[in-house]
Amino acid sequence: NEVVEPVIGGEVRAAMRYHPSYLVVDSGQAISQALPLTVPDSVAVFDTGSALHLAVELGNPTDRERTFRLNWEMPPEFKSVPAIPEQSIKLAPGAKQKAAVDVQIPADLRLPSFGSLQVQLVYVVDGVESWQGKLALPLQLTRTIPDGDWTTRGPDFTLDTAESVANFFAADPGNADKVWKGPTDLGVRAWLTRGSGELRFHAEVTDDIHDQPYMGGDCWKADGLQIAFQVPGQTGNWEVGTYLTGDGKSNAHIFSMPSKPTLVNPWNLTPVKITRSGTTTTYDLSFPDDKYGLSDEILATGIRFSFVVNDSDGGGLREGYMRLTTGIGDAKTTEKFPIVRIRSK
């Protein structure tokens, strides 16, 4: 299925396709080097109150000088962030250059708990006929937890909007009573802090009805928490369930743990205390360093961390859950977990 490619200004521009293709150049010279045209960094890491560094590698594979015009389009959640002026960069034939820009993210910018953010890079390469396109750059959110007792600061994570809810009955009129009705139905405020040789998690869950008839690996089917995190240097990740049973006992269950290094399942070595008062369930959970492979240095560098809060209003039926990110209640992956860093005193 040969197709003749048009020659424009002495150049042939072969479009990318979804199937393998070959460009045959009669009497052409061997290609000794392939230059990038526009290759953004694979991910941009940032935290609120810090600079977001956006970078792209440019390359001019042609035999004449080219002008690259770059426009960075911010996600809609960044409404308060000033627009980035267009960048114009000239490249000599065969030249490569890194183009970058730093964007200051306000400290009070509230980002969505659930979902991923992307910056769009719109590029135009001027010439006889312009090359142009749009590329997506994923944003990796980090959260730096400050020093000090969690009681002296606001929540590190707040889930109180519909975007954080996965509801199994949203499209079922016959089960309208099971649809999330607002933060008084289910809402979460959570904190992380560093203790003496352990990572501590405190959550205050507003839940109008508490229901948990299950034990162990079935605890996800009713009210309770699932916390997951990935520690650098470990193969696999932790996923821990914690729940309060009808007899008032606090429990922990390990759904998954790293395959390397070899560690003892710490389900009965994980301090957990759950209390309920009115419509508030309070979870206090600790992850000892020696049981989970943590340390001051590891937590200062950062771990991928997320959690979900399951909801049942009776009959052991999980109506849905609130999630910090995907990767626990749906497909099991830490890819979209935020990176959490804990500064130690």
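Mentor: Happy to! Two strands count as paired if DSSP finds at least two bridges between them. Keep in mind that this is a predicted model. Let's look at strand E12, residues 198-207, where 7 of the 10 residues are buried.

E12 has a partner in strand E17 (residues 280-288), and the two run antiparallel, joined by 9 bridges. Within that pairing, Phe 201 has Leu 285 of E17 as its bridge partner. E12 also pairs with strand E11 (residues 186-194), again in the antiparallel sense and over 9 bridges. There, Leu 186 stands opposite Asp 207 of E12. E11 and E12 make a hairpin with 3 residues between them, and Gly 197 in the turn has a positive phi of about 75°.

Now to E11, where Thr 193 has its place. Thr 193 has a relative accessible area of 12%, which is under the 20% cut-off, so this residue counts as buried. Its contacts beyond four places in sequence include Glu 198, Leu 199 and Arg 200, along with Trp 150.

Leu 192 touches Leu 199, Arg 200 and Phe 201, and its other contacts include Phe 305 and Val 340. The largest nonpolar core has 36 residues, and Leu 192 and Phe 201 are among those that touch the most other members, as are Phe 287 and Phe 305. Elements giving two or more residues to this core include E11, E12, E17 and strand E18 (303-311). A second, separate core of 29 residues includes Trp 72 and Leu 117.

Key
Residues are numbered from 1 along each chain as its sequence is written. This is a predicted model: local features need pLDDT of at least 70, side-chain atom pairs count only at pLDDT 80 or more; totals for chains, interfaces and linings use all residues. Side-chain values use heavy atoms; hydrogens and water are left out. Buried means under 20% relative accessible area, exposed over 50%, partly exposed in between (1.4 Å probe, protein chains only). Helices (H or I, at least four residues) and strands (E, at least two) are DSSP runs, numbered from the N terminus. Contact means heavy atoms within 4.5 Å. A nonpolar core is a set of buried Ala, Val, Leu, Ile, Met, Phe, Trp, Tyr and Cys residues joined through side-chain atoms within 4.5 Å.
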